[in-house]
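The following paragraphs give a guided reading of one protein model. Please keep the sequence and the coordinates at hand while reading.

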Amino acid sequence: MTQDSPFTARFDLPDLAATAALGAKIASGLQAGDLVALAGDLGAGKTALARGILTALGLSGPMPSPTFTLVQVYEAPRLVVHHYDLYRLEDPRELAELGLDEALEQGAVLVEWPDRAGGLLPEDALIVSLTMPDAQYRRAELTGPARWASVFRG
Ligand SMILES: Nc1ncnc2c1ncn2[C@@H]1O[C@H](COP(=O)(O)OP(=O)(O)OP(=O)(O)O)[C@@H](O)[C@H]1O
Ligand SMILES: [Mg+2]
């Protein structure tokens, strides 16, 4: 029996242009129902990567961090995208009130601080773990369903 081998990849992100390029790659494979979990410490570059994805989807203008609003909604030409920041979530059950299920039905979802969701996020999420080897430098480790391998190969 063949197991659906999960996708893993690692990218060095020496500057914001590299982050934008990774965002563009993710955007190229992003479909309705997809959730991209953006994990990493304070300042690791989660919002920067979200902006890279949104920009590549054709959005421009202000893309405020949803730190205080918890969610921002964008209507890109081919996809509605909900951008969540769960840092201030007090209980994972609040996710239902924030409309996560509807957001996944409508389009794609980006989630900063996915650990705050207490395991309530879909299992087929693309997980991007950002680390900050030093103040100017970021690294991204991706894991997700095998489908993403073809997105990154192309
Ligand atoms: N690849 C990169 N190279 C250099 N600087 C970067 C890179 N990615 C992001 N930054 C910078 O790091 C800072 C923090 O980025 P960002 O706000 O995206 O982090 P965050 O993970 O969303 O933080 P928070 O936990 O507060 O939401 C910003 O000034 C951003 O421009
Ligand atoms: Mg952020």
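In this predicted model, helices α1 and α2 cross in a right-handed sense. Helix α1 covers residues 16-29 and helix α2 covers residues 46-56; their axes come within 7 Å, with a crossing angle of roughly 55°. An angle from 65 to 115 degrees would count as roughly perpendicular and one under 35 degrees as roughly parallel; the two helices are therefore oblique to each other.

The contact itself can be followed residue by residue. On the α1 side it involves Leu-16, Thr-19, Ala-20, Leu-22, Gly-23, Ala-24, Ile-26 and Ala-27, and on the α2 side Ala-48, Leu-49, Gly-52, Ile-53 and Ala-56. Of the residues in this contact between α1 and α2, ten are nonpolar and three are polar, while none is charged.

The backbone of Leu-70 has a phi near 70°, a positive value in a residue that is not glycine. Leu-70 has a relative accessible area of 12%, and because the limit for burial is 20%, Leu-70 is classed as buried.

Strand β3 comprises residues 71-75 and includes Gln-72. Gln-72 is likewise counted as buried, at 18% relative accessibility. The side chain of Gln-72 makes a polar contact of 3.0 Å with the side chain of Thr-69. When neighbours within four places in sequence are set aside, Gln-72 is in contact with Pro-64, Ser-65 and Pro-66, and also with Val-81, His-82 and His-83.

A positive phi also occurs at Trp-113, where the angle is about 55° although the residue is not a glycine. Trp-113 belongs to the loop that connects β5 (108-112) with β6 (126-134). With a relative accessible area of 16%, Trp-113 is buried.

Which helix contains Arg-147? Arg-147 is part of helix α5, which spans residues 147-153. A relative accessible area of 31% makes Arg-147 partly exposed. Arg-147 and Gly-29 are 118 residues apart along the chain, yet their C-alpha atoms are separated by 8.8 Å. Apart from neighbours within four places in sequence, the residues in contact with Arg-147 are Gly-29, Gln-31 and Asp-34.

Terms used: Residues numbered from 1 in each chain as written. Chains lettered and ligands numbered in written order. Predicted model: local features only at pLDDT ≥ 70, side-chain atom pairs only at ≥ 80, totals over all residues. Heavy atoms only, no water. Axes fitted to C-alpha atoms, helices over the stretch in contact; angles between N-to-C directions. Helix = DSSP H or I, 4+ residues; strand = E, 2+ residues; numbered from the N terminus. Parallel < 35°, antiparallel > 145°, perpendicular 65-115°, else oblique. Left-handed = near helix turned anticlockwise from the far one by under 90°. Contact = heavy atoms within 4.5 Å. Nonpolar A, V, L, I, M, F, W, Y, C, P; charged D, E, K, R; others polar. Buried < 20%, exposed > 50% of the residue type's maximum accessible area, 1.4 Å probe, protein only. Polar contact = N/O pair within 3.5 Å; in protein donor to acceptor, adjacent residues only side chain to side chain.
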